[in-house]
Amino acid sequence: MKGATIGISGITKSFGDFQALKGVSLDIRKGEFFSLLGPSGCGKTTLLRIIGGFEEPSSGRVEIDGEDILPLPPNMRHANTVFQNYALFPHLTVYENVAFPLRLKSIKRKSLDELVMYYLRLVELDGHAAKRPSMLSGGQKQRVAIARALINEPSVLLLDEPLSALDAKLRHHMLMELDQIHDKVGITFVYVTHDQSEALSVSDRIAVMDRGNVLQVGTPREIYESPSTTFVAQFIGETNIIDGTIESSGGRWFVVDAGGMGRVKVTDPRGYRVGDRVTLTVRPEKLRITPLGMAATEDSNSFVGTVDESVYSGFLSKYYVRLESGAVMRVFRQHGDQGEGEGLGWDDRVCVSWNPRDTFIVEGARG
Amino acid sequence: MSGPKRRRKRNYGTIYTLPLVVWFTLFFLVPLLIIVLFSFLAADIDGGVLPRFSIAAFTGLAKPRILKLFVNTIWVSLASTAITILMALPCAYFMARSKNKTMLLILVIIPFWTNFIIRIFAWKSILEANGVINSVLMGIGLVASPLQLEHNWAAVILINVYTYLTYAILPLFSTIEKFDFTLLEAAQDLGATKMQAITKVLLPNVRSGIVTAVFFTFIPLLGSFVVQQLIGTKDMYMLGNEINDNIYKYFDWPTAYALAVALMMLANVGLVFVMMSERKQARTLGARRVDEAAA
Ligand SMILES: Nc1ncnc2c1ncn2[C@@H]1O[C@H](COP(=O)(O)OP(=O)(O)O)[C@@H](O)[C@H]1O
Ligand SMILES: [Mg+2]
């Protein structure tokens, strides 16, 4: 497989007094589609610029295929960047933009032309070779930038929020195309985004960042289904957060005393013990909502409440259920499910329940 | 798009441009015509012209002395312009990238507040035999007798560059300021060295600023004469000096006007040259476009 590994260890970066990166370490695998995901200002671009060579870290090390690349200028690194604003050369045609990296080397005219046309075809722009960038749509500019970044056959492609300037529909389309291009060229992609759905849908693995730190690295499923911190849980889609203390262990689960709410069963204690304070999370779509009176099974977590609000949003309905303790639980129910919860509305008394397996401890403190 | 509606919509373009047309006619076209007209008339002995057609002013230019003035004018203007642009480019670049743009801009403009002649005299007091440089050099014992720093080509070109640097920096600054500097990062990312990024990406994109700066420098330099008079020697005189002398010393107006016409032609040669290279660029781009469409 083509592509390279990227080893990032202990990277810090300060701008004056402000620490933009506070010790980031990551191991990105060969040929992986790796996403850096986090809210705006968390340091994603800074990290990408350090890999690309446009910013020097205050400390730490970056290796590509085991080689320390920090001493190398950007033009000597086997990494190319797709810039957020595309950064196409306005004085050159699409063809010349893509040919730019080759014109810097001495490459025979014929093979240059073949290469340029190959990459223009790859991004389906061979019909627009003679146009100036100003004559292209946002999506087309994006593709020129990708073709231009790929033509040097880098082992790493760095993409900084490449889709943020596109409208929602085009964004989805381009994302799928990026995924296909990644499959075709097989090199390592480092993809920066603040959009969790983008990251979840195409990444092999994701690093979730916040305020200069990497909070969790994992596959989309791991990140989504077992977030390691409250922040990750809340940033990656909507979730329910429950605070409590581990009350007892034994049998098939641990029981957490969640104060006024009652007792919540958890299967995986993640190393915490009886007496520790913990924060739990459970995804809204894991919750079932049923009319009161339908017996909940002994094995599930189940609570009684009233529907505070129900929102119909296309393929699913969102319910906000106020429990007797006053806590509000979010419940998502996809239409076309078994039909349970059908017809539930405002002020209805309901039972909310979920499988203890779907409850995760995201944070805790020794009690 | 119905007919009557369109007709009702009057085109006021001519009315808006009328003041400009009047202005240009009065203050540009009329004097220009007078210059051309007078150059084809005979000279009156005490200045002025006689109403008699004559090409004597032009035929009189075919003298080795005048030819030398042409040569001086062209090479001094070209050399001064080239040095000015080469110095202005990095200045404008760093100004555009600086955080204190306004401050630097003011610093560049401040010398403008002083009269041009005064500034030349300031330079004289730096360069002359008992001037600043010589006093320092002799004071520290580096030289025994004062160096001849004025009355040479280098001094003339130095002061030309000094005078026109601001005129070159300003248009360059305003175009470079609009340049998207991430393009330089992109170029480097794609394999260009810093220098290649500048020559292959920055310069082509600020071309219009360079062209303006060249004109702002080269064209006034073609007609300059004060610097040669004050800092140069008679050997360094240019066409501007000859025009000045013809008006004030020889009272030969038609020759002065003929020289002015020649000077204008010279300036226009530069203009046409630049315009042709621009058109050629557009044409090759067009040709490439057709090639690719055919392929
Ligand atoms: N050149 C710089 N000078 C000062 N602060 C900077 C600079 N670049 C980035 N920052 C700061 O560092 C933080 C991280 O920025 P960035 O990496 O661009 O975040 P992200 O891409 O995740 O939105 C931000 O708070 C930003 O203001
Ligand atoms: Mg960013």
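Five bridges join strand S7(A) to strand S8 (residues 188–193) of chain A, and the two strands run parallel. The model is predicted. In S8(A), A:Thr188 is the bridge partner of A:Val156. S7(A) also pairs with S6(A), again in the parallel sense, over four bridges. Here A:Asn80 stands opposite A:Leu157 of S7(A).

Strand S7 of chain A spans residues 156–160. Five of its five residues are buried, so the strand is largely enclosed by the rest of the structure. In a regular strand, side chains alternate between the two faces of the sheet. Both faces of S7(A) are covered. A:Val156, A:Leu158 and A:Asp160 are buried on one side. A:Leu157 and A:Leu159 are buried on the other.

The interface of chain A and chain B comes next. The size of an interface is often given as the accessible area lost when the parts come together. Chain A and chain B bury about 2100 Å² between them, with 59% of it on carbon and sulfur atoms. On the chain A side, the most area is lost by A:Asn75, A:His91 and A:Leu104, together 26% of what that side buries. The contact involves 26 residues from chain A and 21 residues from chain B.

Polar contacts across the interface of chain A and chain B number nine residue pairs, counting those with both residues at pLDDT 80 or more. Three elements of chain A give two or more residues each to the side that touches chain B: strand S6 (79–82), helix H2 (94–103) and helix H4 (138–150). H2(A) gives the most, with four residues. By class, this side of chain A divides into 15 nonpolar, seven polar and four charged residues.

One salt bridge is found across the interface. It joins the side chains of A:Arg49 and B:Glu185, at 2.8 Å from N to O. A:Arg49 and B:Glu185 also belong to a network of salt bridges with A:Glu55.

Over all chains, the search finds 24 salt bridges. One of them is formed by A:Glu238 and A:Arg330, whose closest N and O atoms are 2.3 Å apart. A:Glu238 lies in the loop between helix H8 (230–235) and strand S11 (240–248) of chain A, and A:Arg330 in strand S18 (residues 328–334) of chain A, so the pair ties together parts that are 92 residues apart in sequence. A:Glu238 is partly exposed, at 26% relative accessible area. A:Arg330 is partly exposed as well, at 29%.

In chain B, B:Arg65 forms a salt bridge with B:Glu242, with the closest N and O atoms 2.8 Å apart. This pair links helix H4 of chain B to helix H13 (residues 239–248) of chain B, with the two residues 177 places apart. B:Arg65 is partly exposed, at 44% relative accessible area, whereas B:Glu242 is buried, at 5%.

A further salt bridge joins the side chains of B:Glu150 and B:Lys124 (3.0 Å, N to O). B:Glu150 sits in the loop between helix H7 (132–139) and helix H8 (153–178) of chain B, and B:Lys124 in helix H6 (residues 116–127) of chain B, so the pair ties together parts that are 26 residues apart in sequence. Both residues are buried.

Helix H4 of chain B (residues 64–97) also holds B:Ser80. B:Ser80 is buried, with a relative accessible area of 0%. Its side chain makes a polar contact with the side chain of B:Asn160, at 3.3 Å. Leaving aside residues up to four places away in sequence, B:Ser80 touches B:Ile157, B:Asn160, B:Val161 and B:Leu221.

Notes. Residues numbered from 1 in each chain as written. Chains lettered and ligands numbered in written order. Predicted model: local features only at pLDDT ≥ 70, side-chain atom pairs only at ≥ 80, totals over all residues. Heavy atoms only, no water. Contact = heavy atoms within 4.5 Å. Buried area = accessible area lost by both parts, 1.4 Å probe. Salt bridge = Lys/Arg side-chain N within 4 Å of Asp/Glu carboxyl O. Polar contact = N/O pair within 3.5 Å; in protein donor to acceptor, adjacent residues only side chain to side chain. Nonpolar A, V, L, I, M, F, W, Y, C, P; charged D, E, K, R; others polar. Buried < 20%, exposed > 50% of the residue type's maximum accessible area, 1.4 Å probe, protein only. Pairing = 2+ DSSP bridges.
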